[in-house]
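Here is a short tour of a structure, with an eye on its core and a few backbone details. Have the sequence and coordinates at hand as you read.

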Amino acid sequence: MPNKSNKDNCARTINRRSFLKGTALGLGSLAVPFGTSDASTWEAFFQKHFKEMNESELQSVITRLEEEYAREYDMNFNIKATGPIPGVKFGYGLDVSRCIGCRRCVYACVQENNQSREPQIHWISVLEFEKGEKWVNIFEEATKYYNPHAVPEEGHFYMPIQCQQCENPPCVKVCPTKATWQERDGITVVDYNWCIGCRYCMAACPYGARHFNWAKPRIKKKEINTEVHYLGNRPRYKGVVEKCTFCIQRTRENPGRYPACVEICPVGARKFGNLLDPESEIRYCIEHKRVFRLKEDLNTSPKFYYFFAT
Amino acid sequence: MKFIAKGNKWYYGWLALLSVLIISGILSYMRQIDEGLILTHMRDQVSWGFYISNFTFLVGVAAAAVLLVIPAYLYNFKPIKEIVLLGEMLAIAAIIMCLLFVVSDMGRPELGWHILPILGTMNFPSSLLAWDVIVLNGYLVINCIAVFYVLYKLSLGKEYKMSVLWPIIILSIPWAISIHTVTAFLYNGLSSRPFWNASILAPRFIASALCSGPALMLILFQIVRKVSKMEISNAAIFKIAELIAYAMGINLFLFGAEFFKEFYSGSVHLAPMEYLYFGLHGHNNLVPWMWTAFIFNLTAFFIFLRPKTRENFLTLNIACVLIITGVYIEKGMGLIIPGFIPGVLGEIYEYGPSAIEKGVALGIWAIGALFFTLFLKFALPIYTGKLRFNSPDSSSERGEHKGAE
């Protein structure tokens with residue numbers, strides 16, 4: 001606050017230059033100083049959005065990332081960027097009456113997709129419900145942290161939840177940088193080099209399918225999967241969001257493989273296939289079973305169908 | 001600048017205090033950059049917390065400071081120009097704090113340029129966050145231009161032209177409403193979060209902002225007229241106090257409407273409201289805070305409503321503090337956290353800010369306060385005619401303003 005005891009009451013004088021200088025100084029101090037010099041750091045900093053890169057730019061980025069990963073993990077990664085297969089739209093089915101809540105899918109997913117082990121990130125949450133409780137849309141009575149001696153527990157049933165691969169994904173709509181989008185085969189992906197970590201998508205997702213790297217992801221060397229996809233299971237950075245991609249690194253290949261969760265399920269509760277193929281198993285399930293999708297009232301139109309076999 | 005560097009011991013003490021808070025904030029932030037947002041208490045279940053809460057409250061302050069121009073104009077107050085200028089300076093400081101809070105919340109702040117148009121890939125008009133970036137920065141620019149223009153003219157000893165200033169002010173008023181509306185829509189548009197997905201959200205934002213912003217201004221007016229020659233009449237202060245009473249009346253009514261709808265219909269979407277005011281399955285961290293906010297707001301409402309109490313400076317100031325605290329709780333943590341509790345998968349994760357979050361937040365508040373103090377210190381003497389610039393080549397008064405610290 002100004003000093004009231006000014007000896008002279010006459011107007012004080014400063015020149016115009018110092019006014020402008022002071023203003024410039026004040027504004028200048030707002031700018032964040034940058035002090036890094038490494039060439040690859042700058043390349044990473046100015047890397048373009050995945051969809052804006054041409055073939056050769058993408059290749060050079062992949063080479064740089066492979067070098068970076070090699071340095072960091074001391075292992076050779078094979079980063080693919082395989083595009084969607086024409087005429088394919090992936091869909092998923094889950095038989096609620098078969099699921100026994102063993103969580104093998106959860107850990108197979110972690111293993112396949114290089115999720116951080118410390119802190120732990122799981123793309124699949126298995127909810128346990130008591131029979132007769134509210135479920136499907138309201139999960140308040142459910143618990144994710146059940147820990148019995150053996151599953152399934154008497155009087156309980158289970159519902160695994162992961163990314164529902166919405167046709168109308170709220171997470172894509174809200175992303176301020178277009179760092180997440182839906183591919184032609186219906187998979188919603190994230191460009192981990194474009195995400196700024198604002199977490200608006202996490203607020204928007206009705207299924208808790210998006211996960212944030214609150215710390216630097218840590219994985220034991222022997223547990224790393226080096227067969228990776230640029231938009232899928234390649235190692236992530238601290239401060240970005242990640243999610244299930246229907247194992248894009250497996251399902252887009254030829255010959256393709258089932259997602260890890262489908263492969264591991266000991267009771268065959270998980271189904272996966274091409275929604276556009278009338279002969280596919282997933283189409284058979286949708287057409288012949290009693291199916292439902294989570295939170296239909298939100299109009300997200302998931303491509304993840306729950307059904308009852310019996 | 002020598003003028004900024006001069007002041008009494010209170011001034012130096014204040015600057016020293018702010019400097020300490022800023023340095024501790026920077027240190028906290030550096031640790032957060034180093035180890036990640038894991039140092040906060042936010043997690044996947046509650047993915048926004050204290051930073052975004054403070055951001056939301058401050059958008060309200062920034063908006064309301066300029067909205068004060070409307071009553072000032074309508075009632076033809078004498079010190080309208082001072083009110084406008086002070087409001088705009090407060091708005092600048094508040095927006096700077098808003099931007100800092102958002103940056104602190106980002107996982108990869110260094111990639112912030114991705115959100116810019118042309119340079120990056122701004123998701124406009126789809127993402128409300130893109131809208132918010134535009135309106136907040138636009139608002140900052142408008143207010144900077146206005147303040148700079150006025151001070152520049154005055155500092156040269158010339159009268160500024162109202163014909164230049166009025167269009168800026170007229171633009172800044174609807175813009176002030178827009179920043180708050182867009183920020184409300186940011187939450188409002190998410191169908192996954194029933195607590196936010198209620199149409200009453202934006203109106204309540206505006207109503208509560210018209211309480212806290214002017215209340216803050218009332219306190220600042222009193223400080224300003226005590227330490228400088230700027231004249232702000234009691235009549236103006238009492239009139240603003242009366243307007244706060246109406247705004248709070250509307251805010252309380254809207255709150256009542258929300259409360260009734262949720263509790264009477266008793267649908268499953270009641271859960272966040274229940275969590276806030278009564279606790280849910282034994283989780284009740286926010287319950288005492290929310291009732292405190294409610295009682296504070298209600299008390300302040302009656303103080304501002306009664307002419308006798310609002311025209312007594314003791315009760316007036318008590319009410320100002322009550323209302324600022326009340327709205328800070330209600331439009332901060334009380335708004336953001338119940339969006340996430342219970343979570344979309346029914347999980348209840350009780351959130352409270354960590355030491356790092358508090359440190360960073362205090363640092364940002366201190367930066368805002370420092371900016372505003374320096375603005376005032378620099379602008380008030382120009383305003384009252386004590387500080388004038390003469391010809392460009394006299395350099396006798398040049399100095400560094402680092403000397404102040």
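Helices (H or I, at least four residues) and strands (E, at least two) are DSSP runs, numbered from the N terminus. The model is predicted, so local features need pLDDT of at least 70 and side-chain atom pairs count only at pLDDT 80 or more, while totals for chains, interfaces and linings use all residues. Residues are numbered from 1 along each chain as its sequence is written, and chains are lettered from A and ligands numbered from 1 in the order in which they are written.

Let's begin with the backbone of chain A. A:Q165, in the loop between strand 5 and helix 5 (170-174) of chain A, is not a glycine, yet its phi is positive, about 45°. This residue is buried, with 26 other C-beta atoms within 10 Å; buried means 20 or more such atoms, exposed 12 or fewer, and partly exposed in between, with C-beta atoms placed from the backbone.

| Bond | Omega |
|---|---|
| A:V151 to A:P152 | about -5° |
| A:N254 to A:P255 | about 0° |

A:P152 sits in the loop between strand 4 (125-130) and strand 5 (156-161) of chain A. A:P255 belongs to the loop between helix 7 (248-251) and helix 8 (260-264) of chain A.

Now for the core. A nonpolar core is a set of buried Ala, Val, Leu, Ile, Met, Phe, Trp, Tyr and Cys residues joined through C-beta atoms within 7 Å. The largest one has 196 residues, of which B:A62, B:A94, B:C98 and B:I323 touch the most other members. Helix 5 (residues 80-105) of chain B gives the largest share, 16 residues.
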